[in-house]
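Welcome! Here are a few exercises to work through with the structure in view. Try each task yourself before reading its solution.

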Amino acid sequence: MKRFSKKSVLPFVGVLSVCAFALPGVASAASWFVDPGGAFPATTVLDSSNAANRLSFTTAAGAGSTCAVATFDVDIRSSSDAIVTSAGFLNCMGTGLSVNCTLTAAPTAASLPWTITNTTTTNITIHNVDLTLHFENTPGNATACATPITSRVTGNLENGSWSNAGREVTYTNAPGLVAHGIPGAPNSAATVTGTLASTNLNVTMRD
């Protein structure tokens, strides 16, 4: 699958993705720290390529996806202000009703940046997520994709939990997103599961 901005996806459909755009930063109860030094602004790359942590997304209608790699570039502008400036998804495959499908996912044009708020270390939300998803036949697979469609996923990816030990945020069946255009369920609630870990900075968060 094609690389977007920075290497990244879903197991998503999830995925995450799970996981928006030009909104101003919002003050949060939990604070970002970049060690050592703590200088802002700082850009961290959050990556889900660890096989145990792959990002996936599932809709209430039964369609879904998992991506081998999902990456998000996050600009931490202060202890209480962070935004997603790019998101990328690689090697995504359909799951559930979308089995035998290959998924291409990317931020919808002009939707970035997405604002991150962290009211606590266990309530991290990515706001105004907006992804365009293309499900299509997998080359070389004799079985056709069951949902050869273009869909759009929008909303706020909620309930992320930050681990300072792993320098990572984990979403577990996280709510807040809606998938549009799924056959039989044009506006289907979607959940995201997966972990995104900082690959280049010692990023921590404290309540």
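A residue is called buried at under 20% relative accessible area, exposed at over 50%, and partly exposed in between, using a 1.4 Å probe and protein chains only. The model is a predicted one: local features need pLDDT of at least 70, side-chain atom pairs count only at pLDDT 80 or more, and totals for chains, interfaces and linings use all residues. Residues are numbered from 1 along each chain as its sequence is written, and side-chain values use heavy atoms, with hydrogens and water left out.

**Exercise 1. Get an overview of the chain.**

Find how many helices and strands the chain has.

Step 1: Recall that helices (H or I, at least four residues) and strands (E, at least two) are DSSP runs, numbered from the N terminus.
Step 2: Counting gives zero helices and twelve strands.
Step 3: Turn to burial: of the 207 residues, 50% count as buried.

**Exercise 2. Explore the aromatic pairs.**

Work out how many aromatic pairs there are, and describe the pair of Trp32 and Trp162.

Step 1: Start with the rule: rings of Phe, Tyr and Trp (its six-membered ring) pair if their centres lie within 6.5 Å; planes under 30 degrees apart count as stacked, over 60 as edge-to-face and the rest as tilted.
Step 2: By this rule there are three aromatic pairs.
Step 3: Trp32 and Trp162 make an edge-to-face pair, with 5.5 Å from centre to centre and 75° between the planes.
Step 4: This pair links distant parts of the chain, as Trp32 lies in strand S1 (residues 31-35) and Trp162 in strand S9, 130 residues apart.
Step 5: Both Trp32 and Trp162 are buried.

**Exercise 3. Is Phe72 buried or exposed?**

Step 1: Phe72 has a relative accessible area of 1%, so Phe72 is buried.
Step 2: Look at its partner: Phe72 and Phe89 form an edge-to-face pair, 5.9 Å centre to centre and with 85° between the planes.
Step 3: Phe72 belongs to strand S4 (residues 63-78) and Phe89 to strand S5 (residues 81-96), 17 residues apart.
Step 4: Phe89 counts as buried too, because its relative accessibility is 0%.

**Exercise 4. Inspect the largest cavity.**

Find how much space lies in the largest cavity and which residues line it.

Step 1: On a 1 Å grid over the protein atoms alone, a cavity is a set of points where a 1.4 Å probe fits but cannot get out, and lining residues have an atom within 4 Å of a point.
Step 2: The largest cavity holds about 80 Å³ of space.
Step 3: Its lining includes Trp32, Phe72 and Trp162, along with Leu46, Tyr171 and Leu196.
Step 4: S4, strand S8 (123-137) and strand S10 (168-182) each supply at least two residues of that lining.

**Exercise 5. Study the surroundings of Arg152.**

Say where Arg152 is placed and what its side chain makes a polar contact with.

Step 1: Arg152 is in strand S9 (residues 150-163).
Step 2: Its relative accessibility is 39%, so Arg152 counts as partly exposed.
Step 3: Beyond its neighbours within four places in sequence, Arg152 is in contact (heavy atoms within 4.5 Å) with residues including Thr108, Asp130 and Ala179.
Step 4: The C-alpha atoms of Arg152 and Ala179 are separated by 5.8 Å, although the two are 27 residues apart along the chain.
Step 5: The side chains of Arg152 and Asp130 make a polar contact at 2.5 Å; such a contact is a pair of N or O atoms within 3.5 Å, where within protein one must be able to donate a hydrogen and the other to accept it, and residues adjacent in sequence count only if both atoms are side-chain atoms.

Notes: On a 1 Å grid over the protein atoms alone, a cavity is a set of points where a 1.4 Å probe fits but cannot get out, and a pocket is an open set with protein on both sides within 12 Å along at least five of seven lines; lining residues have an atom within 4 Å of a point. Grid points are joined across faces, edges and corners, and a volume is the space filled by probe spheres set on the points.
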